[in-house]
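Let's walk through this structure together, one chain and one interface at a time. Have a look at the model below, then read on.

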Amino acid sequence: MFEIGLLIFIETLFFVLVYLFIILEKTYSILGILGGIILLSILINKVNRLHSFLSECFSKYKTIAILYGIIFILALPILLWEYPYQIFILFNAGLFAILALGLNWQIGSTNIVNFATGASFATGAYTSALLSIHLGLSFWILLPIGGMAAAGIGFILGLPCMKAKTYYLSLVTIAFTLIVYLLLNNLRWTGGPDGIADIPFPKIVNHSFGSPIRLFGLEIPFQANFYYLAIFLVALTFFVDKRLRYSRIGLAWNAIRNDEVAAECQGINVTYSKVMSFSLNFFFDGVAGTLFAFCMSHISPESFTFNVSVTVITIVIVGGMDNAVGILFGALLMTLIPEKFQVFQNYRMLIFGFIILIMLRLRPKGLFPQTVRKYD
Amino acid sequence: MKTFRNSIVMAILVSFGFLLMGSPIIYAAEKKLVKIGFIGPLTGPNAAVGLGARNGADLAIRQANQKGDLPYKFELVVLDDASDPTTGVAAATKLCMDPLVTAATTHFNSPVGLATIHVFHRYGVPQMFWGGIHPDITNKYNYPVVTRICPNTLVEHTKLAKFVEEKLGYKDWSIIYDMTSYGKSCFDAVKPAVTKAGGRILSEDGIAVGTVDIRPILSKIKAMKPGPQAIYFGGVVTEASLIKIQMKELGMKNLFTGVTGLDSETFNATAKEAAEGALIIGKAHIDESSPFVKDYKAAGYKEYYEATGPYAYEAVNLVIEAIKKAGPEDKKKLAKTIREMEYHGILGVTAFDEFGQTLSGGLTIKVSQDKKWVLWEDSEYAKGKRVIPGK
Amino acid sequence: MDPPLKGNRDMTQFIEQIMFALMLSSTYALIAVGITLFFGAINIVHFSHGDVAMLGAFLGIIFYGLFGFMGLWENIPLWLMTMVIFLLVFIVIGFLGTFFERTVIKPFRKSPLLMVLVATIALGIVIRESVRLFYPQGSNPQVFPKILPQVNFEVGHLILRFDHFIILIISFLLIFFMFLFINKTKTGLAIRAISQDIEAANLMGINSDIIIAITFLIGSMLAGLAGILIGSYQTIVRFDIGLMGGIKGFSAAVVGGLGNFYGAIVGSLILGFIESLTSAYIPGGAPYKDVFAFIIVIFFLVFKPSGILGRRAPIKI
């Protein structure tokens with residue numbers, strides 16, 4: 001009983017700190033919270049007894065811990081009912097989480113460094129936006145369509161390029177991102193530099209995503225609608241990731257990552273697997289793109305530059321390649337911290353660059369090392 | 001066990017200690033606090049004009065507080081849009097969420113503005129544009145909260161076409177434009193303006209943003225028979241200066257024209273001698289001896305006020321004037337008051353049409369003389385001492 | 001001056017376009033040669049080579065300003081100062097490039113290719129952002145000073161620029177000297193040995209570590225000079241010309257055959273001509289010139305990854 005109590009206590013402490021971190025504005029308060037969280041984590045890591053104690057509790061009462069976490073995530077917008085801007089930031093974090101999880105499959109599983117996230121994100125966003133404006137299709141149909149459009153592009157891009165070597169492939173993905181940006185900026189029917197405006201808010205059973213949620217007499221800002229949808233998609237991505245990991249194709253991907261030639265000898269169709277991983281990644285990027293377009297109501301090429309790809313790569317590297325939970329934390333960090341430390345907004349890319357360099361040198365496996373596949 | 005418990009307690013205490021340090025100090029102001037928002041590109045490629053505008057807005061707030069004749073204490077809430085629509089929307093949301101923010105003055109880049117007008121409209125917060133020339137900002141949705149104190153691109157180009165064709169007599173144009181939102185809207189506006197004034201367009205060429213080598217296109221224009229008398233460029237000032245330099249390299253003697261986007265000393269600083277004889281529609285002319293410039297210098301801002309500073313200054317002053325009339329509480333009333341105002345300031349008389357677009361905006365005609373933009377009326381070209389290219 | 005016959009005018013225009021295409025190609029060639037050299041020597045793709053060139057351009061601007069500040073421009077003839085700037089940039093960027101190699105590339109020599117790739121890309125980001133943030137007004141385009149004589153001269157109806165000629169000649173000389181170095185000197189021989197088989201070269205008594213450092217030294221020196229030449233030609237330099245430039249240079253190297261010296265030249269010519277001619281002769285094509293260029297690259301990558309003159313790299317088992 002005591003163990004459960006302690007677990008809940010530690011988690012609550014953590015949640016409170018995170019919550020405060022989200023809502024506070026003053027720099028030293030934020031630094032204080034950050035310091036608190038770091039202190040706590042170091043403490044837990046260093047003090048071995050505490051560490052083993054906690055991990056034991058955690059594995060014994062895993063369901064309770066996870067359930068509690070889920071309750072917190074769901075309740076967050078309610079707690080943040082006076083802070084719509086913060087909910088919006090969390091929504092952004094969710095989007096990046098989806099992007100990063102998708103990329104994670106690619107890098108973690110098949111060792112392909114894909115810099116085209118900006119392009120796939122854009123494909124989903126623009127496809128759904130254009131279809132919505134010109135054909136009036138509903139958001140819910142467009143979610144998978146946006147994903148499939150992006151996956152289609154991924155397929156077309158991936159198929160011929162799979163024969164090429166890693167570095168050639170990376171060059172292609174970078175060039176592709178730049179081309180897509182150029183095209184979006186220059187073509188008339190994509191709206192050019194002005195982009196596409198007036199994308200309607202999605203509706204679900206008469207409740208428009210543009211209106212606030214009325215719950216227990218509280219009015220929760222409309223951003224929460226998107227937040228919940230994003231969380232749902234993140235969960236879905238997570239779920240798919242788990243299933244894939246233990247499926248045939250997941251094993252194939254890992255085999256390819258370890259040794260491509262050996263995998264080929266084992267009878268794995270390397271080209272097919274690689275293209276699949278490409279397309280799957282693009283699919284989720286496209287879905288995220290659609291969500292983005294419908295939340296912002298207005299998209300322009302500026303939101304889909306090479307920087308997006310860099311940010312997502314940073315998240316994956318920091319979070320740990322092939323480690324889903326790490327990625328989630330990474331996405332949260334990378335979105336929240338620049339927001340809180342507005343002063344650093346300008347230095348964001350520079351810091352990301354340094355982070356990548358340092359992480360690669362010190363911990364090539366990421367902040368949270370890859371979980372060894374459990375064969376039980 | 002004891003040490004570990006102690007450490008946890010210590011960690012918690014330390015964290016909460018920091019927290020307490022930062023807890024908001026409750027302060028009772030004698031005067032009612034009224035916040036006015038400012039959003040502009042403080043970072044990114046347009047940082048220079050964004051900072052100039054911010055300083056202009058800041059100057060207006062300072063002066064209002066100094067004068068102190070109203071029962072309000074004004075505060076400028078400055079946010080960065082980095083010329084990016086997503087950042088702009090986030091900033092706009094943040095502003096609108098603050099109940100003390102009564103109005104905002106915004107944006108240099110039209111795409112950002114096109115995204116944020118929906119935010120301001122939904123929250124009913126008056127939004128006055130000090131920059132951004134796209135007609136759709138005011139004309140497409142005609143949101144009651146939106147007004148624009150700088151001219152839009154249609155007005156600018158009509159003026160340019162009229163001047164070049166009627167006053168200078170040049171009827172044949174070649175048009176080059178870049179693929180920014182600004183360049184595109186210039187292109188869309190210059191075509192009808194030129195034809196309406198009776199001119200002919202001989203060629204149209206678009207260039208990608210960041211192009212540095214426009215020589216192939218210029219060479220093509222040079223080879224046209226008959227060639228154009230005027231070469232118009234719609235787009236950012238860097239490319240404009242490169243075009244002027246490369247025109248000189250190729251020995252081309254056509255008139256080079258543009259609109260207010262080129263009204264920046266960067267053009268002259270980059271093109272140097274090659275800039276001579278370029279003709280543009282300029283932004284409001286603020287005399288060096290005017291009180292605005294004097295006060296601006298006295299306030300000690302690090303950055304130059306650029307062409308945008310005066311507009312932001314005027315915008316804030318107009319809003320304050322409206323607050324004086326209608327009070328800051330009812331935003332809907334405030335928006336209506338702003339729309340109906342006739343304001344006399346450094347830009348002359350400002351009044352808005354049915355879409356919230358200003359009818360004047362203080363446009364001028366400028367020519368580059370000795371590496372500086374000089375008012376046409378004051379220039380040696382107008383007096384006949386120098387010959388304008390294109391003949 | 002009477003307007004010449006239409007035929008003559010077209011011809012003049014055509015020659016002018018060819019000139020522009022040549023100039024563009026030479027700017028790509030300077031970068032492509034470096035990239036192909038690095039790849040040939042140690043199988044590394046140095047994605048931030050373009051950014052190193054950009055640093056050269058910025059350094060040129062800084063030195064120019066510095067000399068102005070020290071009042072040197074009044075006293076010493078232009079051509080001497082120009083040569084001094086060239087030399088200084090040559091040396092400084094050379095060592096800077098080697099420094100980058102030691103810190104960012106060397107540690108990953110034994111690691112999977114993936115790491116080096118991401119590392120060089122991250123390095124590029126760091127270089128670009130540092131310039132953008134720490135150079136005054138870094139995010140704005142910078143004017144490159146006119147250090148070459150700005151003189152027109154006419155050949156018939158053709159107006160040519162003296163400084164363009166100088167740029168072309170210097171580029172050609174640089175590439176030529178590079179070629180001589182690789183093929184005729186002992187160090188060049190060592191580089192070629194390493195590119196074939198690094199272990200064997202080590203066994204033969206070649207200190208591969210030093211040779212690699214020298215390779216980067218040479219390559220970076222070239223990049224630094226490339227930066228100055230590009231700055232002189234384009235007048236405007238920005239912190240991000242390294243990204244596009246690096247990608248184009250890499251593309252040129254790939255099209256010609258990665259690892260093949262002549263290939264880099266051929267690839268640059270192809271890319272430069274396609275870009276320049278599409279923007280001039282295809283109506284409405286100018287904004288898409290980069291797209292055309294990239295499509296050609298992707299085409300090559302897919303159907304002929306070894307490039308036009310390429311060498312095939314067998315998969316090591």
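Predicted model: local features only at pLDDT ≥ 70, side-chain atom pairs only at ≥ 80, totals over all residues.

Residues are numbered from 1 along each chain as its sequence is written, chains are lettered from A and ligands numbered from 1 in the order in which they are written, and side-chain values use heavy atoms, with hydrogens and water left out.

Let's stay with chain A for a bit. It holds 15 helices and four strands; these are DSSP runs numbered from the N terminus, with helices being H or I over at least four residues and strands being E over at least two. Contact here means heavy atoms within 4.5 Å. Of the contacts in chain A with a separation of 6 or more, 77% are between residues 24 or more positions apart.

Chain A is split into domain 1 (1–79) and domain 2 (84–362), with bounds that come from an automatic or database domain assignment. Taken over C-alpha atoms, the centres of domain 1 of chain A and domain 2 of chain A are 28 Å apart. Where they meet, 15 residues come from domain 1 of chain A and 15 residues from domain 2 of chain A.

How much area do domain 1 and domain 2 of chain A bury between them? The figure is about 1,300 Å², with 80% of it on carbon and sulfur atoms. Buried area is the accessible area (1.4 Å probe) that two parts lose on being put together, summed over both. On the domain 1 side of chain A, the residues that lose the most area to domain 2 are A:Ile22, A:Pro77 and A:Ile78, together 43% of what that side buries.

Between these two domains of chain A there are two residue pairs in polar contact (both at pLDDT 80 or more). A polar contact is a pair of N or O atoms within 3.5 Å; within protein, one must be able to donate a hydrogen and the other to accept it, and residues adjacent in sequence count only if both atoms are side-chain atoms. As for helices, α1, α2 and α4 (62–79) of chain A each give at least two residues to the side of domain 1 that touches domain 2, and α4(A) has the largest share with five residues. Sorted by class, that side has 13 nonpolar, one polar and one charged residues. Here Ala, Val, Leu, Ile, Met, Phe, Trp, Tyr, Cys and Pro count as nonpolar, Asp, Glu, Lys and Arg as charged, and the others, Gly among them, as polar.

Now step out to chain B. In this pairing, 38 residues of chain A are in contact with 35 residues of chain B. Chain A and chain B bury about 3,200 Å² between them, of which carbon and sulfur atoms give 67%. A:Tyr85, A:Arg188 and A:Asp194 supply 17% of the area that chain A buries against chain B, more than any other three residues. Across this interface of chain A and chain B, the rule finds zero residue pairs in polar contact (both at pLDDT 80 or more). Which element gives the most to the side of chain A that touches chain B? That is α2(A), with six residues. The residues on that side of chain A divide into 17 nonpolar, 14 polar and seven charged.

Chain B has its own two parts: domain 1 (31–151 + 287–351) and domain 2 (170–276). The C-alpha centres of these domains of chain B lie 32 Å apart. Six residues of domain 1 of chain B are in contact with five residues of domain 2 of chain B, and the area buried between them is about 400 Å².

About 3,700 Å² is buried between chain C and chain A, and carbon and sulfur atoms give 84% of that. The count between chain C and chain A is zero residue pairs in polar contact (both at pLDDT 80 or more).
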